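Biologist: I am new to this structure and would like to go through it step by step. Could we look at it together before I start asking?

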Amino acid sequence: MAGIPQGFWAGEHRMLARVISLVEDDMPNKEEVLRELYPHTGRAYILGITGSPGAGKSSLVDSIMREIRKRNQTVGVIAVDPSSPFSGGAFLGDRIRMNEHAMDEGVFVRSMATRGSLGGLAKTTKEVVKVMDAFGIDWIIIETVGVGQSELDIMYIADTTVVVLTPGAGDSIQSMKAGIMEIADVFAINKCDMPGADTLSLEVNLMLDMQDDHIKWRPPVKLTATINKGEGITELLEAIETHRNYLNEKGFFAERRRERTKNETLDIVNYQWQRLVREEVNRPGRVSELLEKVAVREIDPYTASDSIINWIIADLKKV
């Protein structure tokens, strides 16, 4: 296919990395490549791992990945990291993550920088998911950056979202608040070998009991530890698969994906419209003159914005 390197469809990781870089760097042929990949997407199961910094998300992802590989299924990991203020790249790279799987052809790990995006994900995360999906990966795990209660974007991408909590980190208080706690399909009380894990588990379960009358799915709470052989990881993955089966049996899986596709289309429309507006604003002449009038309060910003929109529409009609 045009725009996609040879070897991608043959399962070469080097070519997968090249296509992801093309998407991340917003190359001119990005949209062409995504169009060609789209018919091959929709088969991977997307798992989101989120939680506060220091909760042990990376170690937990590593343990989940190991458990999935025991079942001879392939795994792609998108590890979203904070951005360097100087280079814009990820502070943590995939070279220092999950070294155990470095030579495993059934595993592909990609670190992504947020590049200023809020909500715990990078702007291109959805597109990288599509690339991995088209590549034929069975499970795609997204580990968010860890920004606390504003980290909600993952719920719009993942089929199942695991919220990771740890004892002694203030999560017992956080569990009573709205926000990140409400997006969980499964709770993982990680570092359960530490004091307070049972108490935190009890508090989360009490919170769920209080809202049990108006939720369709009651998120299970699993105790995990990633040291040694990994305690509770098998049970955690079983809980994730139970949720997957629940979504399929109730028809929610197909419904969620339909809604996600609709919303994504609208996001693309919004992005394209913003691009057109930026192009209009960057042109010398009428827009800059209009903005100058707004700056000196000769005209209000609402009237000015209507004029800019009308100019863009008129220009599109001429094309």
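Helices, loops and a pocket

Biologist: Which residue follows H3?
Modeller: H3 is followed by a residue whose phi is positive, near 60°, in what is a predicted model. Most residues other than glycine have a negative phi. The residue here is not a glycine, and its place is the loop between H3 and strand S2 (75–81). The name is Asn 72.

Biologist: Is Asn 72 buried or exposed?
Modeller: A residue counts as exposed when its relative accessible area is over 50%. Asn 72 has a relative accessible area of 68%, so it is exposed.

Biologist: How far apart are the end C-alpha atoms of helix H3?
Modeller: Helix H3 covers residues 57–70, which makes 14 residues. At 1.5 Å a residue they should span 20 Å, and the model agrees with this: the end C-alpha atoms are separated by 20 Å.

Biologist: How many of the residues of H4 are buried?
Modeller: H4 is mostly covered. Its buried residues include Thr 125, Glu 127, Lys 130 and Asp 133, along with Val 128, Val 131 and Phe 135. After H4 comes Gly 136, with a positive phi near 105°. The count for H4 is 10 of its 11 residues.

Biologist: Which helices each supply at least two residues to the lining of the second largest pocket?
Modeller: The space in this pocket comes to about 310 Å³. Its lining has 14 residues, and those nearest the centre are Ile 46, Lys 130, Arg 260, Thr 261 and Glu 264. Lys 130 falls within the range 125–135 and Arg 260 within 252–282, the ranges of the two helices asked for. They are H4 and H8.

Biologist: How many residues in the lining of the second largest pocket are charged?
Modeller: Asp, Glu, Lys and Arg count as charged. The lining also holds 5 nonpolar and 3 polar residues. The charged residues number 6.

Biologist: Is Ile 154 buried or exposed?
Modeller: Ile 154 sits in the loop between strand S4 (139–143) and strand S5 (160–165). Its C-alpha atom is 9.8 Å from that of Lys 126, though the two are 28 residues apart along the chain. The relative accessibility of Ile 154 is 0%, so it counts as buried.

Biologist: What is the relative accessibility of Asp 185?
Modeller: Asp 185 lies in the loop between helix H5 (171–174) and strand S6 (186–189). Beyond its neighbours within four places in sequence, Asp 185 is in contact with residues including Asp 159, Trp 217, His 243 and Arg 256. Asp 185 counts as buried because its relative accessibility is 8%.

Biologist: How many residues are in the largest nonpolar core?
Modeller: Phe 8, Ile 78, Val 131, Ile 142, Phe 187 and Val 204 are the members that touch the most others in this core. A second, separate core has 28 residues, among them Val 75, Val 77, Ile 141 and Val 164. The largest core has 45 residues.

Biologist: How many of the residues in the chain are buried, as a percentage?
Modeller: The chain has 10 helices and 7 strands in its 319 residues. Among contacts between residues at least 6 apart in sequence, 73% join residues at least 24 apart. The buried share of the chain is 45%.

Key:
Residues are numbered from 1 along each chain as its sequence is written. This is a predicted model: local features need pLDDT of at least 70, side-chain atom pairs count only at pLDDT 80 or more; totals for chains, interfaces and linings use all residues. Side-chain values use heavy atoms; hydrogens and water are left out. A nonpolar core is a set of buried Ala, Val, Leu, Ile, Met, Phe, Trp, Tyr and Cys residues joined through side-chain atoms within 4.5 Å. Buried means under 20% relative accessible area, exposed over 50%, partly exposed in between (1.4 Å probe, protein chains only). Helices (H or I, at least four residues) and strands (E, at least two) are DSSP runs, numbered from the N terminus. The expected span of a helix is 1.5 Å times one less than its number of residues. On a 1 Å grid over the protein atoms alone, a cavity is a set of points where a 1.4 Å probe fits but cannot get out, and a pocket is an open set with protein on both sides within 12 Å along at least five of seven lines; lining residues have an atom within 4 Å of a point. Grid points are joined across faces, edges and corners, and a volume is the space filled by probe spheres set on the points. Contact means heavy atoms within 4.5 Å.
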